[in-house]
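Please read it with the sequence and the model side by side.

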Amino acid sequence: MAATRAPSLTAAVLRAVIPWRRARVLEASAELQARRKTSSSSPEAGEGQIRLTDSCVQRLLEITEGSEFLRLQVEGGGCSGFQYKFSLDTVIHPDDRVFEQGGARVVVDSDSLAFVKGAQVDFSRELIRSSFQVLNNPQAQQGCSCGSSFSIKL
């Protein structure tokens with residue numbers, strides 16, 4: 001008798017969990033799509049500018065102390081040819097460009113800026129990870145599914 005109850009208990013649990021997970025995935029997907037739509041029509045998007053989303057600004061204010069800022073670099077590598085690298089730093093070099101919004105700062109060196117100008121930096125919280133990401137990069141032709149590497153437009 002216990003053997004026949006186990007499948008029905010498992011089925012009941014799955015019926016309860018799967019709709020919740022599906023609703024959460026759909027909610028997160030809709031939120032990301034809305035964020036991308038509003039970010040692509042942002043009026044302060046200049047040709048050589050990097051824009052920061054509200055979630056990026058909020059997270060940077062939470063994790064940075066004193067003169068710390070987020071450094072965005074582009075390096076060769078990844079599955080698509082180039083990859084984004086994020087790190088916290090305190091030293092601004094002569095060839096760096098500083099982008100500040102709401103008290104949060106993102107710094108990009110001049111070489112990397114050529115690959116990300118016009119893009120947006122976001123902080124994304126997902127079920128499997130939380131990370132800074134580059135969204136809507138007009139210099140990128142395509143990217144990998146994880147969003148950390150990209151190929152450039154020629």
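Predicted model: local features only at pLDDT ≥ 70, side-chain atom pairs only at ≥ 80, totals over all residues.

1. A salt bridge here is a side-chain nitrogen of Lys or Arg within 4 Å of a carboxyl oxygen of Asp or Glu. With that cut-off, Glu62 is bridged to Arg125, their closest N and O atoms lying 3.6 Å apart. Glu62 belongs to helix α2 and Arg125 to strand β6 (residues 120–125), so this pair ties together parts that are 63 residues apart in sequence. Arg125 is exposed, at 52% relative accessible area.

2. Glu62 is partly exposed, with a relative accessibility of 43%. Arg59 is also partly exposed, and its relative accessible area is 27%.

3. A further salt bridge joins Glu75 and Lys85, with 3.7 Å between the closest N and O atoms. Glu75 is in strand β2 (residues 69–76) and Lys85 in strand β3 (residues 82–89); the two residues are 10 apart, and the pair links distant parts of the chain. Glu75 is partly exposed at 28% relative accessible area, and Lys85 is partly exposed at 36%.

4. How do Arg59, Glu62 and Arg125 belong together? Salt bridges with shared partners connect Arg59, Glu62 and Arg125 into one network. The total by the same rule is five salt bridges.

5. On the overall fold, the chain has three helices and nine strands. Read from the N terminus, the order of elements is α-β-α-β-β-β-β-α-β-β-β-β. Of the contacts with a separation of 6 or more, 53% are between residues 24 or more positions apart.

6. On burial and surface, the chain has 154 residues, and 30% of them are buried. Buried means under 20% relative accessible area. The accessible surface of the chain is about 9,700 Å², with 54% of it belonging to carbon and sulfur atoms.

7. Strands β4 (residues 96–101) and β5 (residues 104–109) run antiparallel and are joined by six bridges. Within this pairing, Phe99 is opposite Val106 in β5. In a regular strand, side chains alternate between the two faces of the sheet. What lies between β4 and β5 in their hairpin? Two residues separate the strands, and Gly102 in the turn has a positive phi of about 60°.

8. Which residue other than glycine has a positive phi near 50°? Asn136 does. Asn136 is in the loop that runs between β7 (130–135) and β8 (140–143). Its relative accessible area is 30%, so Asn136 counts as partly exposed.

Terms used
Residues numbered from 1 in each chain as written. Heavy atoms only, no water. Helix = DSSP H or I, 4+ residues; strand = E, 2+ residues; numbered from the N terminus. Buried < 20%, exposed > 50% of the residue type's maximum accessible area, 1.4 Å probe, protein only. Contact = heavy atoms within 4.5 Å. Areas by Shrake-Rupley, 256 points an atom, 1.4 Å probe, with all protein chains shown as cover. Pairing = 2+ DSSP bridges.
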